[in-house]
Amino acid sequence: MKMRPPATPLVTIDPYFSIWSMADTLVGRHTRHWTGAKNRLCGQAIVDGKTYRFMGCPDGESMKQVGFEFDYLTTTYVYACDEVTLTLKFTSPLLLDDFKLLSRPVSYLEISAAANDGKEHEIAVKIEAFDELCLDRPEQHDTEAEIADLDGLVAAKMGNTEQKPLNRSGDDLRIDWGWMWLATDNEDAAAMVCPLDGFETATHSISVIAPLTCGGRVLFALAYDDIHSLEYFGEPIDAYWRTTGESFEEILARAFAEYDEILAKCDQFAAELREKCLAAGGEEYVELTILAYRQAIAAHKLCADKDGKAIFVSKECFSNGCAATVDVTYPSIPLFLLYAPELVNAMLRPVFRYAATDIWMHDFAPHDVGTYPLVNGQVYGGNRDPEYQMPIEECGNMLICAYAAGYYSNDFTFAAENLQALTGWAEYLVEKGVDPENQLCTDDFAGHLAHNCNLSLKAICALACFGRLLTALGKDAEAAVYTQAAKDMAAQWVPMAANGDGSYKLAFDQPGTFSMKYNMVWDKIFGFGLFDPSVMASEIASYKVRQNRYGLPLDNRSDYTKSDWLVWCASQAETAEDFQALIKPLWDSYNETPDRRPMTDWYFTSTALWRGFQNRTVQGGIFIKLLMPQR
């Protein structure tokens, strides 16, 4: 990888079990949770009696990092001393077509050794985890730890002495219930529990030390048993893997037994996805998708409701902590449409359920269904205050997402089950969508805006999607009504939005302004033919002269941008050269930013400095280039 990632994923399972390196080397800083809080893992190698560190750890001599590689599912570091070289391979097997594996809370670290001098060496490797991993704040509460008695595994676990699953919700929070596990299948290994006194704020650590031969390997698993994962309309629900009926100890054993098979699948998937992205957008686009992949998935939690149906809930990370946010789902869906459209249905399922309750009284779609991990009803905008809703935004998002999931799965059953709600939201767009009133859109940080040209585009494309959805359900007469509405609105949009120089306005009543027209992308993806290709071609030309060192601003009001929307706009370019011209500054921003944090989607295009947001699922939108029709 040529990019220097701003942060590198090591363990990425869900919004709580998430460990990153935020430095150029694995020994450069302590490992951290995506929020920046310490979640320390330490690694040491004892080579012929001499101790070296290769991950975290505050003291002692370190090995030298001599290699680094970062792919969709695996992060690899290479560390060397005079005698041996160690290769560390972190893998979180987030394969989207296997829900039980995807939801299994187990991540791997494989360590292999090679001699540098052709001699045999006595080697042992030690991995240590601190109890910050099972507390919101290190000083919050006492912890306990124990060595676990498991057939075929050497393991230890630790957790809060006060177990209260799902006791709180919020944004800058970490889990404080359940059990963190560290294990190996090396029968000659030893597990240890270490009470700590005065080691910063940690009170316990667990560690596993295992012998390693040159030419051999040792496999560790880092795992987290969260007991219950979400509160779903007042009831606790569990991770999807629990539908197997297996215990946590059984799936931990299964994870070791299946490692070689899983790693082969991960490697094959990564190679195939790399080739697709390379053909679609070039090497820098490949690296942007690599940076986005694990983050976009692991900022969700995959659970099953009481009927066994999949629930895939996002956390709006470092935004407001909302759960199942509709306008976070919308930008994320390209990745999931490619590999698991049912996950898009699983994102929408909580929203449809909430919208059908008596609590939701509006004739437009909700914004969210709670604050993570409590999915009990909308919290945004004072719960239901009309002034702080996103009516056109969320109606359009729900219609587009529902149609896209049906289209890419060739199964509209889920949409049909929710047709009444979808029809009501389509009617709202017919009435209000062509020239939006003063309201918020997904870019709510910019404030309310009337006559929003890009929001109008969302309504237009959403109605075209709904027309296609009805056609797929055999409702041709009804489909014709919404399809014609979309065409009529598109015909109005062009003269209303035109600046006269080939570019298009931020708002219909603001000549000389500009904004990203990312919502138009669906016209090209689905071949609606709503807009003449010259409209976006001239808009793309205007983007190229407006972009700054690190990318195209979102609109003329500020020099900040949104990475997901930038790629949606670039993907509408007719030539590879224009696409590259727009995404190269985005690649530069991540490569050069001084902010060491998981991939942000909101930053300043003049400086590449973080404006807000990180570790968000919206980066799944970067995969939208793979949905574009092949030329």
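## The nonpolar core

A nonpolar core is a set of buried Ala, Val, Leu, Ile, Met, Phe, Trp, Tyr and Cys residues joined through side-chain atoms within 4.5 Å. Buried means under 20% relative accessible area (1.4 Å probe, protein chains only). This is a predicted model: local features need pLDDT of at least 70, side-chain atom pairs count only at pLDDT 80 or more, and totals for chains, interfaces and linings use all residues. Residues are numbered from 1 along each chain as its sequence is written, and side-chain values use heavy atoms, without hydrogens or water.

The largest nonpolar core has 222 residues. Within this core, F54, I111, Y293, W493 and W522 touch the most other members. Helix α10 (residues 453-472) gives the most, with 13 residues. Apart from this core lies another one, of six residues, including W20 and C317.

## Around W493

Which residues does W493 contact, leaving aside neighbours within four places in sequence? Among them are C453, L457, Y504, K517 and F531. Contact means heavy atoms within 4.5 Å.

## Helix α3

Helix α3 covers residues 259-281. From first C-alpha to last, α3 reaches 32 Å, close to the 33 Å expected at 1.5 Å a residue. Buried residues of α3 include Y259, F269 and G281. Just after α3, G282 takes a positive phi of about 95°.

## Where α4 meets α15

The axes of α4 (residues 283-298) and α15 (residues 576-592) come within 9 Å and cross at roughly 50°. On the α4 side, the contact includes Y285 and L288. On the α15 side, F579 and W587 are among the residues involved.

Technical notes:
Helix = DSSP H or I, 4+ residues; strand = E, 2+ residues; numbered from the N terminus. Expected span 1.5 Å × (residues − 1). Buried < 20%, exposed > 50% of the residue type's maximum accessible area, 1.4 Å probe, protein only. Axes fitted to C-alpha atoms, helices over the stretch in contact; angles between N-to-C directions.
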